[in-house]
Amino acid sequence: MPVGVTHSHRPTTKVTHKPFKSRAASKHELRDRAKGRVPDEKGQRKTPHQQVMSKFDRRNQAKQARISKHKEHLKETSIFSGRDGAPRVVAVLPLCADGDAKAAIRQLNGSLDIEEEVVDGNFRVTVDRFKQKLQYIPLERDLTACLDAARVADFIVVVLSANVEVDELGELILRSVESQGMSTLFTLVQGLELVEPAKQRQGIVGSLKSFITHFHPEQEKLYSLENRQECANLIRSLCNTTPKGVRWREERSWMLAEDIKFAYSESDPTIITGVVRGKGLKADRLVQVGDWGAFQIEKIVAAPLPTHIKKKGEDMTVDAEEGEKILDTPTEDQDDLAELAPENVMMDADVDDVAMDGPDDSKKGVLLDEHHYFSDEEAEARKIKKKVPKGTSNYQSAWYLEDVSDSDSDMEDFEMNDQADEEEARPEDGIEGYAPAPPTEAGPSEYPQSEMMHEPNEEEDAEQLAQYRARKHDEVEDDREFPDEIELLPHVLARERLARYRGLKSLRTSPWLEDEDRAHEPEEWRRLLQIPDYQSSRSRAAKEALVGGVQAGTRVHIYIKGISPIQEKNYNKKLPLTLVSLLKHEHKKTAVNYLINMSSDCTKSVKAKEELIVQCGARRMVVKPLYSQPGQTPNDVHKYCRYLHPGQSAIASFMGPLTWGSVPVLFFKRTTPEEIQSEEGPHLPLTLIGTGTALPPSTSRVIAKRIILTGHPYHIHKKIVTIRYMFFNREDVEWFKALPMWTKRGRSGYIKEALGTHGYFKATFDGRINPQDSIGVSLYKRVWPRNATPIEGSLLEVEPTRQTTDGDTMME
């Protein structure tokens, strides 16, 4: 028998669970708490993906997604299907010096017993086994031709050599084609079967695979050109794979020219024949033809190929119907070739700005934010208007507020001295985040007024200045913490040398008064295209391209107006000629902004306004861009960068044609003969220094060039410092007296008064100053972008333009 356990009754039979312990509640208790309410689980979910679906609903959703994806696949490949389907464009691109694109095409065709002659230029090949048509573009190692062909190709086949390594030119071509946006890529190896002994072939394939996967990690298969089965597999992939395309290209209509018939005179149209791809081609939009420029379309005519019909074992060729079948003609909405707004649109605004060209004698100080500081006649300058009763004395008026009365009958205009110090009007964050302590003029001066200012003679002062600047140059070379610092000459007036510069309390938040810059803006600036709402304008232009036009996949003759007959002499049939339709307004000129990411492989920095070759989409230009800091600021003011260093990102600005959307941008720079001959430098006449993306253009974006005037603390007494070597005459000190001052170690202050005639002055800071500290003031000037010019000729053969001297260049 078990041992008995002491038994005791509970004080009550009712058990009350804690309300927050839902785990302890039984089903009937939860039902009682709900009081008949049914929980709505679907209502608690916000999005359809969060809805609780049944098994039937989940199956139906998966089925709908599968059907939708299949329809999308059919839509992408429908352009290639059928007897009159468009050919698949294949660009064969050799990267090595011994690569032969024509020989590679012959071996690819021979793997399927296709006997077609390989000619110069693009040509078609019909693949009967897979019921597809291929259009080959055999290329040589020409950078311009490779970029143009890759721009319109559905597939890119790069040819590597088993015997010769990829040199600088091949790597430049591969990097450039990759950066501009490329479709599906395949890799061929030429000469692999000729390598002896055979056991080395596997190592060579591994080395070539390591090279190509460094640029394109998705390349898992390398096809041997001497292997018939692998060539047949590559042809199968070209005929059955859906090309991934290029996003910026698919938003427009584009075409590879199969044939071109030049006009005999400029009044006659030039006829370009090809298959329309991308969006529908409209006659109202302008077309960019290679590097020749943008032109208008006169009409678009159908150009079907002869069809082959088999009847009772005999092949019959049926020619197309005679007579033109016009598919599209321009309407009243056709874009014109004008790049700028008409001059009469800006006439009224120009009349109002005539008075701004001359100097204003009433200005007695440098511009700080939106106000000019009046250093002379301080008592008169600080007077403010105040309404007080008639007969009020100066003492009594100090006790009246501005809203002393609602009626003006017993008031008169009374001028009162403002007793508040000018520093109280400054924002609390100060200059670039420094918060100056509010000065107290009522307290006793920390600098004894009876102390005399010893002013050295000119020879002694000049000797000390030379010693100070020589020492400072060594410090700047070791530690470049002040890249915008300049040095004024003693005999130069700073107020004249820096007449266009102004002060800002904060580079990010201070307003920029644009009226002061009207006299210095470029002649075409006010005629540029202005886009108040970029996103809505871009979506409107993209939606217009979706409707109407000649359907993609149609072979057409395009009659283009304005192409000069001289282009026939420069035209080379071996090189591909592309045609890209521009969206609405893309021919108009505006203030273009491109994001540039400078390659870390570059060994030298690039100076602003140095000539570069830029490719954005289908256009190439020669530009001298301005660089500025990226990002968004409340006042849309961005600091100008004098140099772009390796690995750095910036915004490149110039005046050029508009481009809608985020289109890839390539930046090339010409190398000097000295760099080509040197062992360390590149051995090509052109270098890819960076890549980027097209950003929204803006004419209101202010690029502010900053200069820093530095001084040396000559005498320090607590927070009062006597400074020299910043200015060299009393007039400059009085003119720039409103500028906020800062130090290298984070102190901020202001100019208190000028001392003597050699530019010495007394300044007050918010803390004690280290004798080794450097004191500076920041000045800003707006710089304007320069015009872009279209490129002519091949990239590796274009002559550099003459460098013009920069009138804005300071002592940098």
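This is a short chat about the predicted model shown above.

Me: What should I know about the model before I start?
Reply: It's a predicted model, where local features need pLDDT of at least 70, side-chain atom pairs count only at pLDDT 80 or more, and totals for chains, interfaces and linings use all residues. Residues are numbered from 1 along each chain as its sequence is written, and side-chain values use heavy atoms, with hydrogens and water left out.

Me: OK, how many helices and strands does the protein have?
Reply: There are 17 helices and 38 strands. Those are DSSP runs numbered from the N terminus (helices are H or I with at least four residues, strands are E with at least two).

Me: And how much of it is buried?
Reply: Of the 812 residues, 45% count as buried. Buried here is under 20% relative accessible area, exposed is over 50%, and partly exposed is in between (1.4 Å probe, protein chains only).

Me: What share of the contacts comes from residues 24 or more positions apart?
Reply: They make up 76% of the contacts with a separation of 6 or more. A contact is heavy atoms within 4.5 Å.

Me: Let's look at E11. Which strands does it pair with?
Reply: E10 (residues 287–289) joins E11 through 3 antiparallel bridges. For two strands to count as paired, DSSP has to find at least two bridges between them.

Me: Which residues face each other there?
Reply: Gln288 has Ala294 in E11 as its bridge partner. Ile297 is opposite Ile560 in E20, and Ile300 is partnered by Asp328 in E14.

Me: Is E11 mostly covered or mostly open?
Reply: Mostly covered, with 8 of its 10 residues buried.

Me: What about the turn between E10 and E11?
Reply: That hairpin has 3 residues between the strands, and Gly290 takes a positive phi near 50 degrees.

Me: How do you define a pocket, and its volume?
Reply: On a 1 Å grid over the protein atoms alone, a pocket is an open set of points with protein on both sides within 12 Å along at least five of seven lines, while a cavity is a set where a 1.4 Å probe fits but cannot get out; lining residues have an atom within 4 Å of a point. Points are joined across faces, edges and corners, and the volume is the space filled by probe spheres set on them.

Me: Which elements supply the pocket lining, and what classes of residue?
Reply: Helix H4 (143–152), strand E11 (293–302) and strand E29 (649–657) are among those that each supply at least two residues. By class, the lining has 16 nonpolar, 13 polar and 9 charged residues. Ala, Val, Leu, Ile, Met, Phe, Trp, Tyr, Cys and Pro count as nonpolar, Asp, Glu, Lys and Arg as charged, and the others, Gly among them, as polar.

Me: Now cavities. How many are there?
Reply: 7 of 30 Å³ or more.

Me: Last one, E30. How many of its residues are buried?
Reply: 6 of its 7, so it's mostly covered by that definition of buried. E30 pairs antiparallel with E24 (residues 612–616) over 4 bridges, and 7 antiparallel bridges join E30 to E31 (residues 686–695).
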